[in-house]
Structures are given as structure tokens and as C-alpha cells.
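Dear colleague,

Please find below the structure that I am handing over to you, followed by a summary of what was found in it.

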Amino acid sequence: MLKRLGFLRGLLGGAEGDAPGRAAADEGPLPAPDTISDPDDEGGPAGSVAPAVERLIEAGVEDVSSGPAPEPSGALAAAEAATVSTTFADLGLSAQVLRALKDAGYAHPTPIQQEAVPLALKGRDLIGLAMTGTGKTAAFTIPIVERLAGGPARTRALILTPTRELCQQVEESFRKYGRHSGLKVVSVYGGVGYEPQTKALRGGVDVVVATPGRLLDHLEKQNVSFDRIEVLVLDEADRMLDMGFAPQISRIVAQVDRYRQTLLFSATMPPEVEALARKYLRKPVVVQVGRRSAAATTVQHYVYPCPRDKKTSLLAALIGEHKMDSVLVFTRTKHGADRVVRNLKRDGIDADALHADKTQGQRTKALADFKSGKTKVLVATDIAQRGLDISNITHVVNYDVPQQAEDYVHRIGRTGRAAKTGNAFTFMSADEIAMVRTIERVLGQPIPRISVPGYDFGT
Ligand SMILES: Nc1ncnc2c1ncn2[C@@H]1O[C@H](COP(=O)(O)OP(=O)(O)OP(=O)(O)O)[C@@H](O)[C@H]1O
Ligand SMILES: [Mg+2]
């Protein structure tokens, strides 16, 4: 009970961050920023439906958004009441899936799972929108396992993700939720040899989890066919449909059975991208938990005004002062990430970099060392900003202000996941003030400023 209430409290607000404080020391000038880092190297059984949702569908209501989040206390009470009456068994799940969820230690479905799973089980197309760290992966994986388990052995589900690391993680989640289903799943992504993937695909799999670039290579070589795909998922859907990926997605979707079910999930969905997304969907239901593109309420976030050339020393000072156990730092460029790592090491702080110029072996090792706590500071580009679920991250630092407001939501959402709380600090130089204001407009909330003597502008 306590665990469940804790999880809900985390989902609905009440974060307790450590108090930001002052820092000291100074450093030499930083080189000018270089080009924006590339997108990731990949390219740029029917169950019962929750009665309330069923009524909405019958009434022809396509949007079951729960609207703006109420005040935390009210929301908490409402969600607790709903959770008391909703269990995974109420969602119409089979015994083997219930067993897998119990094995995972999940007591109750999260709000997005409560709303999306019954609709997906009914075969509906969905746009599922909910805050970072609230269990969207299980919301699309559980219905796929239910639909595929015990059925014909052929490739019936395809899940697309924007990065290799997220692809590996979704495959792991699939294995977790589908562990008693006997389904075969393979992940297909770039930077590693073709042969094992080719062998797995040609040997026959039920579910493919893939990044677009490598998947297109396999499709060209006819290593896999998608003409009988029943469920297509775009995780991080707004990213998958933006300009970097849209041409590849369009080529892949052209090879997928048009009578499939399509599920799109993300924490963010700009209206113009939703309009684009609809061409891939058939009478979709929009399932939205809380305000669209809201930042995780479990994260306390602050902006530190700081000249560009003092950002590294501010970072070193904050790492020392806040005793950051596990901090993910985002830079705009790959060179920038390497530079921050060098400078931190010079200050005696162990750090590693994760970006698209590293080999896949280096990327895998950097992430594994960070997850295990061996590396305390990981400095990454945008390839780490979406979807990654690393439970022990205590702090996220935007060394550079992200270029898009949605990126901000995803980046700070790498902490404060599954009821945990976290802190996010954004360093803002004078030329980044306008972008921070844009982010605040999209979030619908101001981000508190913290002025550190010796670092703030003009000091
Ligand atoms: N019903 C549940 N009860 C407890 N924990 C859960 C439940 N569902 C998912 N989780 C855990 O919550 C964490 C976050 O889940 P997940 O990665 O699916 O979030 P997400 O909504 O996809 O976030 P993002 O937008 O960042 O991708 C995971 O560690 C997962 O194991
Ligand atoms: Mg996710």
C-alpha cells in the first residue's frame, strides 16, 4: 500500500529536491559552440474495457484526455480512489501477463496504463500522451503480448524507436512483460554487426523492435517482411515523425500491412506533429493524462543564469556542493560533450561521454558504467534525451539550453521516474534567455531562477 501511494504521489507531484545553493571558483574561457549534433546515427485477445472509457467510445468521443492536472492534493485523492478500484486484473489481462507484472513488482496500473491498455486491447488506434517516467512502455507492450500470445508464429508486431539505446531498453521491457508468453522478440539497430540480426530475423520472430536506418537495410535485403504486421508502435512518436526521421518512417510504414493497429506514444506531441501523425492512424483515440507536454511533477527544476565561459566551473561546483550521486549532463554538441568531460576530469571529477561519434561498444560501456554507478557523471548529447529509464539518476543538468521546448521535457524527465524525485538545473547564458522563455511558455509555468554570486551575468 505504502509503495503504491508513494508511486502515485511521485506521479502527481510533491517532489522534494535538495535546496540549491551557491558555488565558488572560476575557469578559463570555453571554446565557441560548434555545430548542432546530428540526430542519432540511425538517421537522422480482446479484453474488457474500463466502463467509463467504453461509454466515451460508444458516445463517439475520441479524446479521452483527462485534461489539465488538478491541484496535487485533489489529483492524488482522485487517483488513489481510482487506483483502489483498478487493478491489472480489471484491465482484462490474462494470467500469464498478470504473473509477469507481479514478477516486475507492479502492484497497480499507472493512469496511462489504466486508460490506454483497455482501448489497445480492443484494437483501437491510439495516441498515448503522459508525463515522462509514468509507464508508457508497458502501456503499449502489454496489449501486444496479449494479442500475440498463442497465435500464429510470424512477425506480427513492429516497434520503432529513435535511438539504439532505447531500442535495447524496449526489447528488455518486452522480455520482462512477455516473459511467460513464449514470444520471440529481436532488436535491430545500427553500430553492431548485421549477421546476428539477419539470422534472428530470417529464423522467424514475433516482434521486431528497431531503429529506422538499420531496419530499412534489412528490409532492402528482404531479411524480414512486414506485410502481415498487426500492431505498429512509434515510441517517442513526435520525434519519429519530425523532419529527421519522417522520410524513413514513411518508407517503412509503406511496407506494413495497412489494416494494422497503430499506437503512438510520447510525453510530448506538438499539435502540428499530431496533424501529421493522423495520416498513419485510423479513427484514433487520444489518451492524454494531465496537461499536454507537461514536465514531470516529480522533478524540481531551476535555471542558473551563467555566462558561457563559466559553465564548466559552475557544473563542477554544483556537483561538489549537491553531492550529486548520478548526474546526466546534456550538451548541444558532441565536441561540447567531450570538452566538458575533459574539463571535469581536470577538476578531479570522473566523467564519461555518450554521443554519436563514439563506437557502439563505447556507448554501451558508458551507459552500463553510468547505470551501475561506476561513473557518476555522464555527459551526453540529444541521443540520451528520450525514453532512457535509469532509475538512480538524481540530477539532470542542461549545460546548454535545449533547442526545442519538447527536448527540455524529455531531458529533465531522465530523473524523477516511477515515483522517485529528482532535480534538474539549466545553465542559461545571455544568448539563451529567449529559448528559456519559449520553454516556459510551452510548459505553461515559469522556471525559478537561481543566482549564484560570481556566476550570474555581470558579476
Ligand atoms: N504499474 C507500474 N508500477 C510500478 N512501476 C512501473 C509501472 N509501470 C511502469 N513502471 C516503471 O516505471 C518506470 C518508467 O517507465 P517507462 O520507461 O515505461 O516510462 P515512460 O512513460 O515511457 O517515460 P518516457 O516518457 O521517459 O519514455 C520503469 O522503471 C518501469 O519499470
Ligand atoms: Mg518511454
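The protein has an average pLDDT of 85, pLDDT being the predictor's confidence in each residue, from 0 to 100; 81% of the residues reach at least 70. This is a predicted model, in which local features need pLDDT of at least 70 and side-chain atom pairs count only at pLDDT 80 or more, while totals for chains, interfaces and linings use all residues. Residues are numbered from 1 along each chain as its sequence is written, and chains are lettered from A and ligands numbered from 1 in the order in which they are written.

Two stretches call for caution. Over residues 1-62 the pLDDT stays under 50, and the model has 140 contacts beyond four places in sequence for them (a contact means C-beta atoms, placed from the backbone, within 7 Å). Residues 66-81 also have a pLDDT below 50, with 21 contacts in the model beyond near neighbours in sequence. Where pLDDT is low, the predicted coordinates should not be read in detail.

Next, the sheets. Helices (H or I, at least four residues) and strands (E, at least two) are DSSP runs numbered from the N terminus, and two strands pair if DSSP finds at least two bridges between them.

An open sheet of seven strands has the order E3-E4-E2-E5-E6-E1-E7, with parallel pairing. Its edge strands, E3 (185-188) and E7 (285-288), each pair on one side only. From one strand to the next the twist averages 15° (axes are lines fitted to C-alpha atoms, for helices over the stretch in contact, and angles run from 0 to 180 degrees between N-to-C directions). Within this sheet, four bridges link E2 (residues 157-160) with E5 (residues 231-235), and Leu158 stands opposite Leu232 in E5.

Six strands form another open sheet, ordered E8-E13-E12-E9-E11-E10 and paired in parallel. At its edges are E8 (299-305) and E10 (351-354), and the twist averages 20° from one strand to the next. Strands E9 (residues 327-330) and E11 (residues 377-380) run parallel and share four bridges; Phe330 is opposite Ala380 in E11. Helix H14 (residues 334-346) packs on this sheet, touching E9, E10 and E11, and its direction makes about 175° with that of E10. Helix H15 (residues 360-372) lies across E10 and E11, at about 135° to E10.

Finally, the ligand. Of the 20 residues around ligand 1, Thr132, Gly135, Lys136, Thr137 and Ala418 come nearest (a residue is near if its C-beta atom, placed from the backbone, lies within 6 Å). Helix H6 (residues 136-148) gives the most to this shell, with three residues.

Yours sincerely

How values were computed
Contact = placed C-beta atoms within 7 Å.
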